[in-house]
Amino acid sequence: HWAELVASRPVDGGGGERNPDSTGTARWHEALAPWGLTLAAAGAVGGGGRGLVTTRSFKRGEVLMRVTPAVAVVSGRHLSSRCHHSHATGGRLLVCSRCGCARYCSADHQRAAWAGHRDECALLAQTRPRVPGQTVRLLARLLALLRRSAGAPPPEDAGEWARSAAAILSLSHQLGGQPAERCAEFGEQAGMVCSLIQEAARSGGGWAGSSSCPPQEQVASLLSLLSLNAHAICDAELQEIGIGLYPLAALANHDCDPTAAQSFGAAGKLTLRALRPLAAGEAVTIGYVDLAAAASERRQALRSSYLFTCECRACEEALAPTPAARKREAARCEAAASLREEQRAELAAIDAADWEAALRRSTRAAEIAASLLPPGAPALGLQLLRAGKLHAHCGSLRESVGYLRRATEVLQAVHGEAAPLVRDAAEMLRGAQLELAYGDNSAAS
């Protein structure tokens, strides 16, 4: 069963070349159709590989897709502070008595998570009190899912199929295209996990009954698959809290001026929204890397992490072999470095309660971010929000209103009107507007 499942040929995935597979392609189309999306043929949407395309028009901020992860784990820094099922914080968390790692905000969540945690728990018990990194833990969950799926027919429901072993194994792994040092790293991690599985099976843990461990090379190919297709799960302020595999969302290609952005809710649910109005037939793209970076830096990051060279319009124009383009790229490199420095100094000033310095740094960072980032980028919305808050705190209400209005527009498209971050920003904007109007009226009288 392991050999049949894990050795299946990959046919699709983020950033890589795809092999045609009529059955898999038909199931992807079936799963995407309810969302008004389809999977375009290679070369049809740029970038060489296949990718998501709309089949109808979408308004700015409209939901393109909402999916739960096939597998997901909480990041190392949040292991003891977040529920491993809902990802929520707060309150006293229940601890799994066997592995001592998994934590839950209620007994109901612990029971609900057991099916996915059982096999992982047996492996974590072998390493206790040490906890493997998030990639190894995600791999363990993926192997457990594949083990449970062995011998079972693929789900009939298209939405369920898109989270199944069949869908996952149709994502590209490109292990042969990975750098030698990364292949070696994958091999070491795969060897460790295989050893843990064998030990757990011998001790009668969650892997009891496994006739053998998957071949190490095939496990390494799954690590490569995860590196190319998994999403970092982030909170509303873009702080990473975990990592998850979303096969349907993994079909979205990269663009340095993306048409969509993802946000995450309870239990890691991913929502993809349009950053601008989209007509039928437009590509649905997201940003894989820091979009404020210079084009040369973005290309290097994409080649290193996702094994492709970005040929989007922004990169092609920025890296054109002309003196004017080289001058613009050099200026962007300097601006990106300045943005990082201003943001670092801004946060340091906030920690020191030096509000005047924080306001100065934040205003400058917002100006630079607006010149570097696409107009709908989530990172831009957060920077504008910080500037708006600091202006309000320092009493410059007119400037605060301007920044908060822009921040609310950006964040609403990314997160939706009901998101707590958006509601708080909108409430802050209304408060600043009322206070400004009261001051204007008082001055007039």
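Predicted model: local features only at pLDDT ≥ 70, side-chain atom pairs only at ≥ 80, totals over all residues.
**Nonpolar cores**

The largest nonpolar core comprises 79 residues, and W28, L64, M65 and L248 have the most contacts inside it. Helix α4, residues 134-149, gives the most to this core, contributing 9 residues. Apart from this core lies another one of 29 residues, including L339, A369, L404 and V422.

L64 has contacts with W35, L37, F58, A260, L272, R273, A274, L278 and V284, leaving aside residues up to four places away in sequence. F58, one of these contacts of L64, also takes part in an interaction with a charge: the charged end of R56 sits over the ring of F58, 3.9 Å from the ring centre.

**Aromatic pairs**

The model contains 4 aromatic pairs. Two of them are set out below.

| Pair | Centre to centre | Angle between planes | Arrangement |
|---|---|---|---|
| W28 and W161 | 4.9 Å | 75° | edge-to-face |
| Y246 and F264 | 6.0 Å | 55° | tilted |

Y246 and F264 are both buried. Elsewhere, Y288, Y306 and F308 form one aromatic cluster.

**Helix α8**

Helix α8 covers residues 216-229, and its 14 residues should span 20 Å at 1.5 Å a residue; the end C-alpha atoms are 20 Å apart, which agrees. Because 11 of the 14 residues of α8 are buried, the helix is largely enclosed by the rest of the structure. Among the buried residues are Q218, S221, S224 and N229, together with L222, L223, L225, L226 and L228.

**Residue E417**

E417 is located in the loop between α14 (397-415) and α15 (420-444). Its relative accessibility is 58%, so E417 counts as exposed, the cut-off being over 50%. Not counting residues up to four places away in sequence, E417 touches Q412, V422 and R423. V422 is also one of the residues of the core of 29 residues. The C-alpha atoms of E417 and G61 are separated by 9.2 Å, although these residues lie 356 residues apart along the chain.

Key: Residues numbered from 1 in each chain as written. Heavy atoms only, no water. Helix = DSSP H or I, 4+ residues; strand = E, 2+ residues; numbered from the N terminus. Buried < 20%, exposed > 50% of the residue type's maximum accessible area, 1.4 Å probe, protein only. Contact = heavy atoms within 4.5 Å. Expected span 1.5 Å × (residues − 1). Core = buried A, V, L, I, M, F, W, Y, C linked by side-chain atoms within 4.5 Å. Phe/Tyr/Trp six-rings, centres within 6.5 Å; stacked < 30°, edge-to-face > 60°. Lys NZ or Arg CZ within 6 Å of the ring centre and 35° of its normal.
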